[in-house]
Amino acid sequence: VIATGLDDSGWSTTNQGAYAIYEDNTDMEEAYGLLYNWYAVDSWRGLCPDGWRVPSDADWFELSQHIGTHDDFYYNTWSDNDIARGLKSCRQVDAPEGICDTEEHPRWDTYIENYGIDAFNFAALPGGIREEDGYYYSIGSIGLWWTSAFDANLHFTSTHSDTLDKQISVSKNRGLSVRWLLYTS
């Protein structure tokens, strides 16, 4: 069992695994999933179901390298700094003609120059964040995913970027999305 329903004070002070639903809105849970603190990701009990794991920094690097050298993507379509474009869901408000378009969640907010094309069926969505003080923000405009790194690293992209960026040693009381990776040895 992972704790949930923590008020702002409880969220900011816990050193146990916890998750939150964006602004306690069950519609957002269904659309974007849950926001986990670092302690849930790092728990000895494991966050993922059997056969799955939280990706490491090396896994995210390998993914970006694969996309950056994918012939159809890299040489014919985009530049090497457009990795996030290939990972982002194409669901976006006011997307260019021929690209998925929606006013309904789940989707990216409007920002015409950095729309997603989901070239690799990753369908990254901007689930927002719950900050360490408990405040929620940026649903629709930023996607942040924990890694399994001990020092609490994350990878992210936003409506204003086509890059997949990394931050290291962030607050362990942030609530971020998690992508599972099929475990292979």
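**Close-up views of a predicted model**

**View 1. Trp52, Trp180 and Leu182 make a nonpolar surface patch of about 320 Å².** The model is predicted, so local features need pLDDT of at least 70 and side-chain atom pairs count only at pLDDT 80 or more, while totals for chains, interfaces and linings use all residues. Residues are numbered from 1 along each chain as its sequence is written, and side-chain values use heavy atoms, with hydrogens and water left out. Patch residues have over 30% relative accessible area and no salt bridge, with like charges joined within 9 Å and nonpolar side chains (Val, Leu, Ile, Met, Phe, Trp, Tyr) within 5 Å. A salt bridge is a side-chain nitrogen of Lys or Arg within 4 Å of a carboxyl oxygen of Asp or Glu. Accessible areas follow the Shrake-Rupley method with a 1.4 Å probe; for residues, only the protein chains shown count as cover. Trp180 lies in the loop between E9 and strand E10 (181-182); strands (E, at least two residues) are DSSP runs numbered from the N terminus, as are helices (H or I, at least four). Trp180 has 40% relative accessibility and therefore counts as partly exposed (buried is under 20%, exposed over 50%, partly exposed in between; 1.4 Å probe, protein chains only).

**View 2. Strands E7, E8 and E9 form an open antiparallel sheet in the order E7-E8-E9.** E7 and E9 are the edge strands, each pairing on one side only. On average, neighbouring strands of this sheet are turned by 30° against each other, direction ignored (axes are lines fitted to C-alpha atoms, for helices over the stretch in contact; angles run from 0 to 180 degrees between N-to-C directions). Two strands pair if DSSP finds at least two bridges between them. E7 (residues 142-146) is joined to E8 by five bridges, with Gly143 opposite Thr157 of E8. E8 and E9 (residues 165-167) share three bridges; Phe156 has Asp165 as its bridge partner, and His155 stands opposite Lys166. A hairpin of six residues connects E8 to E9.

**View 3. Strand E8 (residues 154-158) has five of its five residues buried.** E8 is therefore largely enclosed by the rest of the structure. Leu154, Phe156 and Ser158 point one way, His155 and Thr157 the other. In a regular strand the side chains alternate between the two faces of the sheet.

**View 4. Another open sheet has three strands in the order E1-E2-E3, with mixed pairing.** E1 (3-4) and E3 (35-36) stand at the edges with a single partner strand each, so one side of each lacks a neighbour in the sheet. E2 (residues 18-20) and E3 pair in the antiparallel sense over two bridges, and Tyr19 has Tyr36 of E3 as its bridge partner.
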